[in-house]
Amino acid sequence: MAYGLTLAGFVPKPLPIIKAELDDAFKAVYGANIGSEPDGSIPAQSAIGQFIGIFAGDLADLWELLQAVNSATDPDKAEGAALHAIGALTGTIALGERPSVALITATGNPGTVLALGRVVSAVGSRTRFATLAAATITALAQWTAATAYFPGDRVYNGARVYYCIGGGNSAGPGGPTGTGNNITDNTVIWGYLGEGTGAIDVLSAAEVVGAFAALGGTLTQIETPVTGWLTAINLADAIVGALAESDVAFRIRRENELQGQGRAAKNPIRANVLKVGQGGPNPVTACSVFSNSTMVTDAQGLPPKSVEVLALGGADQDVRVAVFENVADGIETFGNNSGSVTDTAGNPWVVKFSRPTRVNIYIDFDVRKDPSAFPLDGVAQIKERVLGALQYWSFGKDATAFAAQGAIGPHYRPDLGQWFAGVPGVLDVVTRVGTTATPLATVVPIAVREIARFDSSRIVVNLTDGVP
């Protein structure tokens, strides 16, 4: 059999063959009588046999090294730094580890300065989030009677801050009170935001990199107090971070980016748009490209000879630039997001692309648990695992009870290259999904320009005790 570089690839010489060849070489020099084993080999306990054993092991190590060197040039076999070096040749750079990111709303006395690095955490959790910029709490308007309010509006009333959840007209007297999340004020619905008469939003990142979740409403513990800073909260779930990109994920991304070496065709357009924001806090995580090559508007509403790029994530202007640089000159861009891009000659051009329609998914779990094994934070663990597994859901992919339920048990995350253990103590799960509270379905159909979105506030976990 041939060893080394062959037409079939590199074939390493195995240790038994190396030892047999050394036996034959020594016999050729010292005579056949030095081999007294039944198979004719030199006894391993003899001085020559011991030398051959040591030397054969070293040669086998060298063959394995040669195989590793040869594999380092093959993107399907290379690992770690060698794989990253191959990717760098064509412009694919490995993504490093990144922390989870959350938007913190700080409330308190107007004018209070929060320096860079102020820290909040979830009660009972060791995951700490530090602010990424300095911020100053800004005064809010006081609630007023008989006034139209819209979702997102913020006011203070009685030294407490509230945000509008459902728009409408406020009542005559009074205004919102208490610390609830569904406070009725005539036709307005308010949520309690915190103490004080001012508020400011500031981006924060976990101090430890990795896939650390922070469900909406959990980052309320102020670890670095400042006089005048009274309360903190994250209204939305944190964007979960990741460890360094796995080799599996890197290979997939490299293949996708290789398709972006060209221009104008669907695959290169998609590959280049997917590069937008990679390694930063707001990368493009999904992209689809639609085109109409006919001379009439098609059934999807695309004008004649046009291209529509559908992108999730990434700054609007960065996506526009990627579309401008990759769609062929003279082809109309189409979409629900429009802006201007300036070419190298200083001329402005209108560039359009689309953002997907977000379909908010509600999930109800009926969990039968072993009370002796189910953890105290088991409900939070269920929500964190579900959100982690479903955060990169793609366009047009139906939301299913099966996928949500699968995240509770042991599952593999290809984006992280990791296996995750199931939530302990879970005996049985019944799952329902839908687009309204108290869902009843097992599947929510999602159109090609839609994307299913998941949030802890729309996940309900009903617990009952069972017997293992």
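This is a predicted model: local features need pLDDT of at least 70, side-chain atom pairs count only at pLDDT 80 or more; totals for chains, interfaces and linings use all residues.
Colleague: Is N157 buried or exposed?

Modeller: The relative accessible area of N157 is 12%. Buried means under 20%. N157 therefore counts as buried.

Colleague: Which backbone oxygen does the side chain of N157 reach?

Modeller: Leaving aside neighbours within four places in sequence, N157 is in contact with residues including W143, Y162 and P176. At 2.9 Å, the side chain of N157 reaches the backbone oxygen of P176.

Colleague: In which order do the five strands of the open sheet stand?

Modeller: This sheet has mixed pairing. Strand 9 (141-142) and strand 14 each have a single partner strand, so they stand at the edges. The order is 9-11-12-15-14.

Colleague: Which residue in strand 12 is the bridge partner of V155?

Modeller: Strand 11 and strand 12 pair in the antiparallel sense, over three bridges. One of the residues facing each other there is V155, and its bridge partner in strand 12 is Y162.

Colleague: Which kind of aromatic pair do Y162 and Y192 form?

Modeller: The count of aromatic pairs comes to six. In the pair of Y162 and Y192, the ring centres are 6.1 Å apart and the planes stand at 65°. Planes over 60 degrees apart count as edge-to-face. The pair of Y162 and Y192 is edge-to-face.

Colleague: How many residues apart in sequence are the parts that this pair ties together?

Modeller: Both Y162 and Y192 are buried. Y162 lies in strand 12 and Y192 in strand 15 (residues 188-195), so the parts tied together are apart in sequence by 30 residues.

Colleague: How far apart in space are A171 and A145, C-alpha to C-alpha?

Modeller: A171 is found in the loop between strand 13 (168-169) and strand 14 (183-185). Not counting residues up to four places away in sequence, A171 touches W143, A145, A146, D185 and N186. A171 and A145 are 26 residues apart in sequence, while their C-alpha distance is 5.6 Å.

Colleague: Which strands are the edge strands of the sheet of three strands?

Modeller: The three strands form an open sheet in the order 29-25-32, with mixed pairing. The twist from one strand to the next averages 15°. An edge strand here pairs on one side only, and this holds for strand 29 (426-434) and strand 32 (459-465).

Colleague: Which residue in strand 29 stands opposite K369?

Modeller: Strand 25 (residues 362-369) pairs with strand 29 over eight bridges, in the antiparallel sense. Opposite K369 stands V426.

Colleague: At about what angle to strand 32 does helix 7 run?

Modeller: Helix 7 covers residues 378-390. It lies across strand 25 and strand 32, and its angle to strand 32 is about 135°.

Colleague: Over the ring of which residue does the charged end of R449 sit?

Modeller: K397 lies over the face of W393, at 4.1 Å from the ring centre. For R449, the charged end is 4.0 Å from the centre of a ring, and that ring belongs to F290.

Colleague: Which residues form one aromatic cluster?

Modeller: The cluster is made of Phe residues. Its members are F26, F51 and F55.

Definitions and conventions: Residues are numbered from 1 along each chain as its sequence is written. Side-chain values use heavy atoms; hydrogens and water are left out. Two strands pair if DSSP finds at least two bridges between them. Helices (H or I, at least four residues) and strands (E, at least two) are DSSP runs, numbered from the N terminus. Axes are lines fitted to C-alpha atoms, for helices over the stretch in contact, and angles run from 0 to 180 degrees between N-to-C directions. Contact means heavy atoms within 4.5 Å. Buried means under 20% relative accessible area, exposed over 50%, partly exposed in between (1.4 Å probe, protein chains only). A polar contact is a pair of N or O atoms within 3.5 Å; within protein, one must be able to donate a hydrogen and the other to accept it, and residues adjacent in sequence count only if both atoms are side-chain atoms. Rings of Phe, Tyr and Trp (its six-membered ring) pair if their centres lie within 6.5 Å; planes under 30 degrees apart count as stacked, over 60 as edge-to-face and the rest as tilted. A charge sits over a ring if NZ of Lys or CZ of Arg is within 6 Å of the ring centre and within 35 degrees of the ring normal.
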